[in-house]
Every structure is written in structure tokens, then in C-alpha cells.
Amino acid sequence: MNQPLPSALYTAKSVRKLDKITIEHFGIDGFELMTRAGKAAFHLLRKQWLDRSSEREIQVFCGGGNNGGDGYIIAGLAKNQGFSVSVVSLKNPEALKDDAKKAWSFCYAAGVDIIPFDQHCTITDGIVVDAMLGTGLSREVLGDYRKAITQINEAGSPVLAIDIPSGLCADTGAELGIAVKAMHTITFIAIKQGLLTAMGPYCCGQLHFVDLGVPQAVYETQPPSCYRLCQNNLASLIKKRPAYAHKGLYGHVLIAGGNQGMPGAVILAAEAAMACGVGRVTVATQSEHLGALAVRRPEVMAKAVSTSSEFQAMTEGKTALVVGPGLGQDEWAEVLLKEALKAPLPIVLDADALNLIACNPMLIDGRKQPIIITPHPGEAARLLNLHAKIIQANRFDAVSALSKRFCATTVLKGAGSLICSHQNITLCSAGNPAMAVAGMGDVLSGVIGAFLAQGITENNAACLGVWLHSGAADELSLKQGEIGMLAAELIPFIRHRLNQLRL
């Protein structure tokens, strides 16, 4: 019954409009949609847990809106199938309205025990179904709902969240004070954008989707807020290479970085660029790193630079720049960054290049050539002169603000990385916690720089790079787990995925 996750993502407001249009213009009754949602959720409940252990108790926490109505349907279906089930209500059933009231009546008629919540409520060691707060939540969770969420999280029982984990913001992925930590989440009609970024992936666990039979014509009435990166959207960017191919056809990227004591970052970026098909890679770095580069990656050309004129000479004949890996923030770093920003070439800025720009935003003002910036939330906060918590509270607003402020295609890294170009946002749902390790950003900057050097547009280069990078981490984590992954280990997997994409 579960369907593949679609690429189109929506805000909560847009999903409510889709729901309304389905009911008012396509003749599908609201209670029928609720019943379909309840059946889909119960089917998932059985598949994940009950078919393996039919004796497990089900405890359904129901709120007062349609989300609670879904929960009452699930409880009634479970009871009719002979399972042990109870409902904990956080709103007096007498106050329920419309479809939610009908769902309660169905649950009551099935003979389900329905008890009001209190702070001494015992959480089952079986299965908990979270049907308390839906996608309309926009303020901090308080009162009994907060107490219930706290108790559910502390109990540690497996949780199925209905449509969205209670307390999670459907638009931003931020916790509104507190949110349920589910093992599985089943969402309906459309994917809400907040489920896939910030705290969304952590709170949702494994995400499942069912469109409830909503006609395709309904979706044509509401444009998505953004799109999720999918292989189908990226495959056309990689062309089969002709038999007469030579390195001059595939660009020449110059990577600037590797200040004293920091050779690793620029080596990782250079290796990643080579793996992504660029014709030539040159590194501008400190003299002490030339030996390490030659030994580690002899295919990469490298030169020590100490003055602006030396670096300016190195930019000649190149097709793209990457500045930032291991750059540092001293005078040497500033010289390289200032000269790089003068060069008439597309550029990727990462790490300390972004920290230097945060201290002097005028450096980047007025630049005409394409720019890609790849900040993590801390760097984004410095660039916007905000706290990182504010960035994470609304990553969509943050990535849009960064793109607009610096006239740059912006990759806001983190869980559910976002790419914004000309105020159009794309979300990457791939990636995992194993990527929380030093060097990952250096690899990504090299990958994106390689595509930029090959003539791929800045938005497409950023999207392709982020998708390959995060997907490679997913493949690698499946083979060896999420603890102890090394950034360099990703590079062969990136290369493999790139060649598979071309096929």
C-alpha cells in the first residue's frame, strides 16, 4: 500500500488546500479520506509489527483534530481484527467535530477502551500510535500534549506517527518545543517539506507515503513549495563520452587551500574532483604540502603560492575555482580569496572562505561570475549574523536569505541539505549521521567544483554534487555501518554512482 516518495514537496497550507479541493471539487468525502488514511496506517502497523507478534498491545494517543480522527479509525480497525488496543484521548470526545467525531463513534462502536490522558498514564511496552497533533501546529507544544510527548519519548516503545510526529513543524522541520521521536511515520496526500530536513528525519524515523487515491488533477492546482532530488532529474546531466575524448574537453579546476598544518582538506577536495571526471586538477597551497600531494595523488598538479600575482597567474587557463578547504583565516588566506574573487571564473566557496566573507561581506559584492557557497549551519549563521539555532529553526528561509544576500547558488548542509538558486529550492533527502565527520565538506566542494569546471550550470552542479555525495554515504553506511566513516572512503562510491548515473 505504501508508495515511493514523490519528488514534489509542499507546505502544510498547500496540503490543506489539496485536501479541500479533493473534497469539494472531486467528490471524495472527508470521512472517506480519513478512513483511507486509517486503513493505510493500520496496514503499515501490521506489516511492521503485528504480523510478527499479534499479542503486542497497541496504544493510540488521539488529539482533537483530523489527526486524532485517523487514530480513532486505526484503533477501531485493530479492535475489529481482534488485537489488544486502547485509546488515550487528549481532547474530550464530546468536543470533537465533524469527521473526527464520526471516527470516534466508529472506534467507540468497536468496543475500544477510551480513557482520558493524565500525567500518570502508563505507556504500553507494545506499540504506540501518535495521532495527537497534525500539520497545522505552528506554536510551542504545551500542557497535556507536552506531557504526553515527554512520556512517550521516555518510555522507549516503538512509535508509529500518523501524518507527522506530534510537535514537529511541517514547514520547517523544527521541534516546536518538543516532538515525538517515531520509529516510523506514515504521511498522506503529499510530502510536507519539514519531514525531510532539520529535525524531521530524526523525528520521523522511516518515512512512508500514501496519496489516499487523490486524483492527479488535484495536484495540478497547487504548485509544490520545492522539489526533492531524484535520480531521474539528474541523469541527463552526464553525457556519454565520445571516442575522441581528451582531457581538454572536461575542464580544469583550481583548488586553493591547505594552509600551514592543514594539507588534508585540499587533498580530499582534489581527489574528489578527479573522481568526478574533470580533465585536470591543480592545487594552490603552501610549499610544505607539495610532497604530500605528489605522494598521495600524483595525477594532481600543485604549486606553492605566497603572493597575489603568483595566484593570479595560476588562474589562467582554468575553468572553475574552489576556495576554502583548509584555507585558514590569516593574511595568506585573505590574499588567495581576494584574488580568486577577482578571477573571471565560476567559483565554489566553502569553509574558511565563508568565514572570511562573514567578516568582510563586501569581498563578494558585485561579482558577476557564478558563485556557489556551501555553508553548514554554523557558517550560515555567521554569514547572516544570526545564531545557528535560528538557522535550524527555518532552514528554508535561511537558504533563501543566503542565496539572495550573496547572489549565489547556496547549499545549506545538514540533515536534509537544501540547494537554493534564484529562489528555487531543492531538498536532498539522502544522507545519514555517518557524515558527521571532518572532511565531508571538503569532498563535497571538490565534487561540485569538478562539475562546475566541466561546464555544468551552478544549480545543476550543486544538485548533482549533493546527491552523489549523500547517496554515496548511504551506500557506504549500508556496507560498514554509521560509526567511524572516513570522508576519503566516500570518493570511490561517488565515482561509482556517477558512472551508474551515466548508464
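**Briefing: cores, helix packing and a buried loop residue**

In helix α13, the residues D352, A353, L354, N355, L356 and I357 are buried, where buried means under 20% relative accessible area, exposed over 50% and partly exposed in between, with a 1.4 Å probe and protein chains only. The model is a predicted one, in which local features need pLDDT of at least 70 and side-chain atom pairs count only at pLDDT 80 or more, while totals for chains, interfaces and linings use all residues. Residues are numbered from 1 along each chain as its sequence is written, and side-chain values use heavy atoms, with hydrogens and water left out. Helices (H or I, at least four residues) and strands (E, at least two) are DSSP runs numbered from the N terminus.

**The nonpolar cores**

- A nonpolar core is a set of buried Ala, Val, Leu, Ile, Met, Phe, Trp, Tyr and Cys residues joined through side-chain atoms within 4.5 Å, and in the largest one, which has 57 residues, V253, I255, F451 and L464 touch the most other members.
- Elements giving two or more residues to this core include β11 (252–256), α9 (263–275), α17 (440–453), α18 (458–480) and α19 (490–502), and the largest share, 10 residues, comes from α18.
- Leaving aside its neighbours within four places in sequence, V253 is in contact with residues including A273, V281, V322, G449 and A453.
- A second, separate core of 55 residues includes A12, L341, I373 and I425.

**Two further helix pairs**

- The axes of α9 and α19 come within 9 Å and cross at roughly 20 degrees, and the two helices are therefore roughly parallel to each other.
- Their contact is made by L268, E271, A272 and A275 of α9 and I491, R495 and L498 of α19.
- Helix α2 (residues 30–50) and helix α4 (residues 98–109) pack at an angle of about 50 degrees with their axes 9 Å apart, and they are therefore oblique to each other.
- Here G30, F31 and M34 in α2 meet D99, A100, K102 and A103 in α4.

**A buried residue in a loop**

- A179 lies in the loop between β6 (159–162) and β7 (184–188), and it counts as buried because its relative accessibility is 0%.
- Leaving aside its neighbours within four places in sequence, A179 is in contact with I149, N153, S166, G167, L168 and C203.
- A179 and L234 are 55 residues apart in sequence and 34 Å apart in space, C-alpha to C-alpha.

Note on methods. Contact means heavy atoms within 4.5 Å. Axes are lines fitted to C-alpha atoms, for helices over the stretch in contact, and angles run from 0 to 180 degrees between N-to-C directions. Angles under 35 degrees count as roughly parallel, over 145 as roughly antiparallel, 65 to 115 as roughly perpendicular and the rest as oblique.
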